[in-house]
Amino acid sequence: MKVLIIEDEQELAKGIVEYLSEENYLCEVAATFAEAMGKIELFNYDCILLDITLPDGNGLQILETLKQENKQDGVIIISAKDSLDDKIRGLQIGADDYLTKPFHLSELTARIYSLIRRRQFDNSNKVRQDELEIDLLAKSVAVNGTAIALTKKEFGLLIYFIGNKNRVLSKSNLAEHLSGDFADMLDNHDFVYAHVKNLKKKLTDAGCGPYLKTVYGTGYKWEG
Amino acid sequence: MKNLLQKSLRQLTRFASVLFALSIPSYFLVVDWIWLKELDENNQLIAQRIEYEFNKHPMTDEKLTENIRFWNQIQPVSKIIPLSRPMIKDSLYSVRRLNPYTGDERDRFRVLKTSININNRYYALVVETNVEETEETVGYITAVTLLFFFLLVAGFWILNRRLSVKLWQPFRNTLQQVKDFQLNKQTPITFDETDTTEFAELNTALDRLVRHSIAAYKSQKEFTENASHELQTPLAILKNKLDILLQTDDLTERQYRIAEEMNKALVRSARINRNLLLLAKIENKQFEGATLLHVDTLLHQSMETLYEHFNEKQLIVCHEIQAEVEVNGDSGLTEVMINNLLINAIRYTPPAGKIHIRLSTTKLVVTNSGTQTLDPDRLYKRFSKAATTNNGSGLGLSLVQEICKFQGWTVAYRFENNEHLFSITF
């Protein structure tokens with residue numbers, strides 16, 4: 001899978017490349033508007049991470065070019081501008097997702113994971129791990145062919161775990177994923193534990209293997 | 001408050017009244033002095049004429065004595081009295097006595113007592129002339145002075161009104177322009193031309209001030225925005241590096257905990273940063289998307305998101321939410337406002353406490369149990385926090401206030417019956 005990272009901040013791009021490479025993504029970096037335009041003209045990518053503010057141009061223009069040329073690359077905007085206008089405009093032009101800096105690499109990985117699988121039309125928007133089957137489009141989960149009912153948050157958590165297989169996900173990271181903006185405003189992150197416990201119980205009760213492990217006391221890791 | 005012209009008119013009126021009051025005795029003294037001087041001269045002339053006329057007709061001493069008696073009978077105002085030798089000095093004086101011709105009225109008389117010589121015999125001549133009474137003179141002068149005083153004040157008043165309209169027009173124009181000036185619109189004022197030196201100077205000074213303010217405002221606005229914006233990237237790098245650190249195989253549990261604490265601090269900095277940016281944007285009025293929004297829907301959404309946090313703290317939540325509450329506002333900002341109010345309530349309510357949420361067509365009221373009243377002066381101040389133990393951004397209520405201000409709503413705080421009460425009036 002090929003990912004293009006359009007980001008002028010070197011350290012940020014480096015971190016993303018390092019993290020994504022372990023997931024077997026083939027990463028390329030474009031640090032300027034011109035470089036990015038050159039790359040999208042020549043190649044196709046499964047996913048493009050697009051920073052809107054580039055030193056020599058506006059990232060939204062790259063997005064417009066992609067759409068004009070009818071390219072099928074999935075686009076996730078990563079922006080330091082937390083402005084609703086930019087977000088709405090980006091999504092209107094045709095971006096698939098929008099992530100505001102600073103973000104967790106695990107959040108980004110999960111988004112890329114979902115994006116790529118949602119866009120595949122050969123029935124592979126279903127994810128399987130042994131007895132567990134997840135339908136990303138229908139948002140349903142089945143163990144050994146029997147559907148189990150998960151809440152919206154539990155389903156989100158499961159996808160987050162699956163999208164970050166074999167990664168350590170800390171409690172605060174999960175808290176941010178679950179409550180978005182509010183995470184730091186709530187002094188207590190125990191709600192994470194409650195959600196994970198419920199998810200674990202539902203999976204185990206249905207006969208799913210113990211893939212979800214507790215690490216370092218409060219962190220979690222999905223093994224697979 | 002009185003306007004400038006009224007004030008100057010008052011001073012002028014005071015000064016004029018003192019001056020006119022002083023003028024009354026002065027006029028009186030002058031008039032009286034002239035009166036007496038003229039009468040003395042007149043009496044002198046009468047005395048000379050009497051002496052001359054008596055000497056002009058030669059007569060015997062007997063005849064003269066008889067004539068003088070007769071004269072004294074018909075002319076009691078100029079009495080001739082025989083003297084043995086001439087007086088050393090004439091005397092001049094005023095008397096008050098009954099006027100025999102006008103009844104019981106007491107009149108003032110000016111008297112000249114002098115010696116005359118008729119047929120080489122000495123006589124004293126007493127000439128009396130009626131003078132106007134002192135109080136009558138004072139009365140007339142006062143009446144005339146008062147008349148002129150009122151004419152003067154009326155004149156001042158009319159002139160002032162005319163001047164105030166004409167002379168002060170440039171000032172009024174400038175004032176109106178300064179009143180209409182809005183810093184965030186960033187358009188300097190173009191003052192009208194004026195040929196009055198003071199107003200021209202005022203306009204120049206104001207123009208400089210306005211331009212300076214605009215420049216300072218602009219640079220401050222840019223600074224807040226740029227600073228917050230620039231901080232996002234290093235924060236993002238830090239966060240990503242921490243994520244990578246967490247994936248290290250030989251990480252100890254202690255190191256994991258440190259990384260976890262660092263992440264929490266990072267999340268907090270990111271929020272402070274984002275809130276500052278949001279405050280700057282609200283102040284710069286960069287939100288123009290006011291639409292008709294359903295507050296009840298937003299409130300339900302927010303409560304649903306926070307539901308688990310209510311439960312977590314075992315808070316008892318009561319709500320009376322009216323359906324179809326429509327107000328005009330920016331939906332993003334209104335959402336931030338509602339979230340901040342609710343999260344504040346969650347954070348500051350002791351476990352198992354109560355939260356009451358009420359929404360009507362005009363008001364949103366959030367009540368939560370508490371122990372003591374909050375300082376209303378510091379409540380909405382940036383970075384002033386009620387408790388030191390929690391890790392709030394210290395910007396939550398400032399944001400609520402700014403959002404309310406921006407959308408033309410009012411926020412009020414009360415503490416009663418051991419409950420904090422925040423109410424937003426749309």
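**Entry 1: a sheet in chain B**

I began with an open sheet in chain B, in which 4 strands follow the order E1-E4-E3-E2 with antiparallel pairing. I took strands (E, at least two residues) and helices (H or I, at least four) as DSSP runs numbered from the N terminus, and I counted two strands as paired if DSSP finds at least two bridges between them. Strands of a sheet pair through backbone hydrogen bonds, either parallel or antiparallel. I noted that the model is predicted: local features need pLDDT of at least 70 and side-chain atom pairs count only at pLDDT 80 or more, while totals for chains, interfaces and linings use all residues. Residues are numbered from 1 along each chain as its sequence is written, and chains are lettered from A and ligands numbered from 1 in the order in which they are written.

Which strands form the edges of this sheet? I found strand E1 (78-82) and strand E2 (91-98) of chain B there, each pairing on one side only. E2(B) is joined by 8 bridges to strand E3 (residues 106-118) of chain B, and the two run antiparallel. Opposite B:Ser91 I located B:Lys113 in E3(B).

**Entry 2: a helix across the sheet**

I then looked at helix H1 (residues 4-56) of chain B, which lies across E1, E2, E3 and strand E4 (121-131) of chain B. This helix runs at about 40° to E3(B); axes are lines fitted to C-alpha atoms, for helices over the stretch in contact, and angles run from 0 to 180 degrees between N-to-C directions. In total, chain B has 9 helices and 11 strands.

**Entry 3: where the chains touch**

How many residues of chain A are in contact with chain B? I recorded 35 residues of chain A in contact with 35 residues of chain B, where contact requires C-beta atoms, placed from the backbone, within 7 Å. Of the side of chain A that touches chain B, H1(A) supplies the largest share, 6 residues.

**Entry 4: nonpolar cores**

I defined a nonpolar core as a set of buried Ala, Val, Leu, Ile, Met, Phe, Trp, Tyr and Cys residues joined through C-beta atoms within 7 Å. A residue is buried if 20 or more other C-beta atoms lie within 10 Å of its own, exposed if 12 or fewer, and partly exposed in between. The largest core has 59 residues, and A:Val3 is among the members that touch the most others. Beyond four places in sequence, the contacts of A:Val3 include A:Leu20, A:Tyr45 and A:Ile112. A second, separate core of 38 residues includes B:Leu306 and B:Phe426.

Key: Contact = placed C-beta atoms within 7 Å.
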